[in-house]
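Here are my notes for your review. They cover charged side-chain pairs first, then sheet and helix packing.

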Amino acid sequence: LYRVGGDEFVLLVPFNSDEEIQSIAENLVRLMESPIELSSLESVWVTFSVGIRKSTLGDWPDLMMQDATFAVQEAKKQGGNRFISFSQELANQNERVRLIANNVVHALANQEYFMVYQPVYNLSTKKITSYEALLRWESPIIGPVSPVEFIPLLEGNDLIIPVGRWILRQ
């Protein structure tokens, strides 16, 4: 067991079967179901999410860590206090997330963003009162990318400011 950073730890476990690793994960999650008693007056509830990535011969450790981290994030999205095994379905989702994360950095410089304008219609006056400016991204590698997928990455990587400036100039 070792600490990767923050509240993330890696546990390397030799196992013989999927049932065995599932049992270990269930036991880890179960350990955290009860509060930790700090004193007779105070308790702390801790959630515990586990991402499982099985190793095969020739796997790259950094890729395995990314896969396990993706599985943990999926467990957290589902409410925490659970374990998720990395699967081919998660691998497909993870590959798209990786592609988007790697390409969003260069999208502004490569002029891949564009604006669409949506009219705001007032039903009582039956007139267009204004327009919404909406940012869109068409990647030559990925194709169209939903704002739900790329806006959080722009915000998380401090790219939202230069993209916001570009939007205002448009």
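**Notes on salt bridges and packing**

1. Start with Asp59. Its relative accessibility is 24%, so Asp59 counts as partly exposed. Please keep in mind that this is a predicted model.

2. The partner of Asp59 is Arg53. Their side chains form a salt bridge, with an N to O distance of 2.9 Å. Arg53 is partly exposed too, at 22% relative accessibility.

3. How many salt bridges does the whole structure hold? The search finds seven. The points below take up two further pairs and a network.

4. Lys54 and Asp18 make a salt bridge through their side chains, at 2.6 Å from N to O. Lys54 sits in the loop between strand S5 (49-52) and helix H2 (61-77), while Asp18 belongs to helix H1 (residues 18-31), so this pair ties together parts that are 36 residues apart in sequence. Lys54 is partly exposed at 37% relative accessibility. Asp18 is partly exposed at 43%.

5. Glu74 and Lys77 form a salt bridge in which the closest N and O atoms are 3.8 Å apart. Both residues lie in helix H2, three residues apart, which is about one turn of the helix. Lys77 is exposed, because its relative accessible area of 63% is over 50%.

6. Salt bridges with shared partners join Arg53, Asp59, Asp67, Glu95 and Arg98 into one network.

7. Now the sheet. Three strands make an open sheet in the order S7-S8-S9, and the pairing is antiparallel. Strand S7 (113-122) and strand S9 (143-145) are the edge strands, each pairing on one side only. On average, neighbouring strands of this sheet are turned by 40 degrees against each other, direction ignored.

8. Look at the S8 to S9 pairing. Strand S8 (residues 127-139) pairs with S9 over three bridges, in the antiparallel sense. Which residue of S9 stands opposite Glu138? That residue is Pro144.

9. Helix H5 (residues 160-169) lies across S7 and S8. H5 runs at about 60 degrees to S7.

Conventions
Residues are numbered from 1 along each chain as its sequence is written. This is a predicted model: local features need pLDDT of at least 70, side-chain atom pairs count only at pLDDT 80 or more; totals for chains, interfaces and linings use all residues. Side-chain values use heavy atoms; hydrogens and water are left out. A salt bridge is a side-chain nitrogen of Lys or Arg within 4 Å of a carboxyl oxygen of Asp or Glu. Helices (H or I, at least four residues) and strands (E, at least two) are DSSP runs, numbered from the N terminus. Buried means under 20% relative accessible area, exposed over 50%, partly exposed in between (1.4 Å probe, protein chains only). Two strands pair if DSSP finds at least two bridges between them. Axes are lines fitted to C-alpha atoms, for helices over the stretch in contact, and angles run from 0 to 180 degrees between N-to-C directions. Contact means heavy atoms within 4.5 Å.
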